[in-house]
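The sequence and the structure come first.

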Amino acid sequence: MEDHEPPAVADDPGQRRDLSLIERALDGDLDAFNALVVLHQDHLFALVARLVPDRDQAADAVQEAFFSAYRNLRGFRGGSVRSWLGRIAINAAMDGQRARR
């Protein structure tokens with residue numbers, strides 16, 4: 001029986017691109033992280049807007065999520081960058097909602 005790399009990374013050009021951008025950002029390339037922001041900001045906003053009633057609050061949560069992701073790049077353990085960013089954004093939105101209560 002042969003060992004095979006999971007197809008999720010090998011067959012997904014978007015995931016390969018995201019992982020490459022993460023690696024470059026870890027090496028200090030701010031433009032690479034900015035490219036991740038541009039690629040994922042609309043998806044994250046749509047995700048957070050379902051949880052947060054106000055568009056400005058949703059935008060703030062997404063911005064905070066990207067700040068948090070940048071500060072914690074070394075904590076990325078592989079897998080889907082989109083899912084990792086989504087989890088950070090949901091946490092930021094929930095934290096913002098708790099703080100407003």
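## Terms and basis

In what follows, helix axes are lines fitted to C-alpha atoms, for helices over the stretch in contact, and the angles between N-to-C directions run from 0 to 180 degrees. Helices (H or I, at least four residues) and strands (E, at least two) are DSSP runs, numbered from the N terminus.

The model is predicted: local features need pLDDT of at least 70, side-chain atom pairs count only at pLDDT 80 or more, and totals for chains, interfaces and linings use all residues. Residues are numbered from 1 along each chain as its sequence is written, and side-chain values use heavy atoms, with hydrogens and water left out.

## Overall architecture

The protein chain has five helices and zero strands, and its elements run α-α-α-α-α from the N terminus on. Along the principal axes, the C-alpha trace spans about 55 × 30 × 20 Å.

Of the 101 residues, 36% count as buried, where buried means under 20% relative accessible area, exposed over 50% and partly exposed in between (1.4 Å probe, protein chains only). A contact is defined by heavy atoms within 4.5 Å. Among contacts between residues at least 6 apart in sequence, 55% join residues at least 24 apart.

## Helix 2

Helix 2 has 14 residues, and the distance from its first C-alpha to its last is 20 Å, close to the 20 Å expected at 1.5 Å a residue. The expected span is 1.5 Å times one less than the number of residues. Buried in helix 2 are Gly-14, Gln-15, Asp-18, Leu-19, Leu-21, Ile-22 and Ala-25. Seen down the axis, these buried residues fall within an arc of 160°, so they line one face of helix 2; the arc is that of the directions from the helix axis to the C-beta atoms. Pro-13 and Glu-23 are exposed on the other side of helix 2.

At the start of helix 2, a side-chain oxygen of Asp-12 comes within 2.9 Å of the backbone nitrogen of Gly-14. Such a polar contact is a pair of N or O atoms within 3.5 Å; within protein, one must be able to donate a hydrogen and the other to accept it, and residues adjacent in sequence count only if both atoms are side-chain atoms. Gln-15, which lies in helix 2 (residues 13-26), has a relative accessible area of 7%. A polar atom of the Gln-15 side chain is 3.4 Å from the backbone nitrogen of Val-81.

## From helix 2 to helix 3

Just after helix 2, Gly-28 takes a positive phi of about 100°. Asp-27 is located in the loop between helix 2 and helix 3 and counts as exposed, at 70% relative accessibility. The C-alpha atoms of Asp-27 and Val-38, eleven residues apart in sequence, are 19 Å apart in space.

The axes of helix 2 and helix 3 come within 8 Å and cross at roughly 145°. Helix 2 contributes Arg-17, Asp-18, Leu-21, Ile-22, Arg-24 and Ala-25 to the contact, and helix 3 contributes Ala-32, Phe-33, Ala-35, Leu-36, Leu-39 and His-40. These residues divide into eight nonpolar, one polar and three charged. Here Ala, Val, Leu, Ile, Met, Phe, Trp, Tyr, Cys and Pro count as nonpolar, Asp, Glu, Lys and Arg as charged, and the others, Gly among them, as polar.

## Helix 4

Helix 4 (residues 55-71) has 17 residues and reaches 24 Å from first C-alpha to last, close to the 24 Å expected at 1.5 Å a residue. Its buried residues are Ala-58, Ala-61, Val-62, Ala-65, Phe-66, Ser-68 and Ala-69. They cover an arc of only 165° around the axis, and therefore sit on the same side of helix 4. Asp-56 and Arg-71 are exposed on the other side.

Helix 3 (30-49) and helix 5 (81-100) are included in what covers the buried residues of helix 4. Asp-54 caps the N-terminal end of helix 4, with a side-chain oxygen 3.0 Å from the backbone nitrogen of Asp-56.

Leu-47 belongs to helix 3 and is buried, with a relative accessible area of 18%. Not counting residues up to four places away in sequence, Leu-47 touches Gly-86 and Ile-90. Leu-47 and Leu-85 are 38 residues apart in sequence and 11 Å apart in space, C-alpha to C-alpha.

Arg-87 lies in helix 5 and counts as partly exposed, at 45% relative accessibility.
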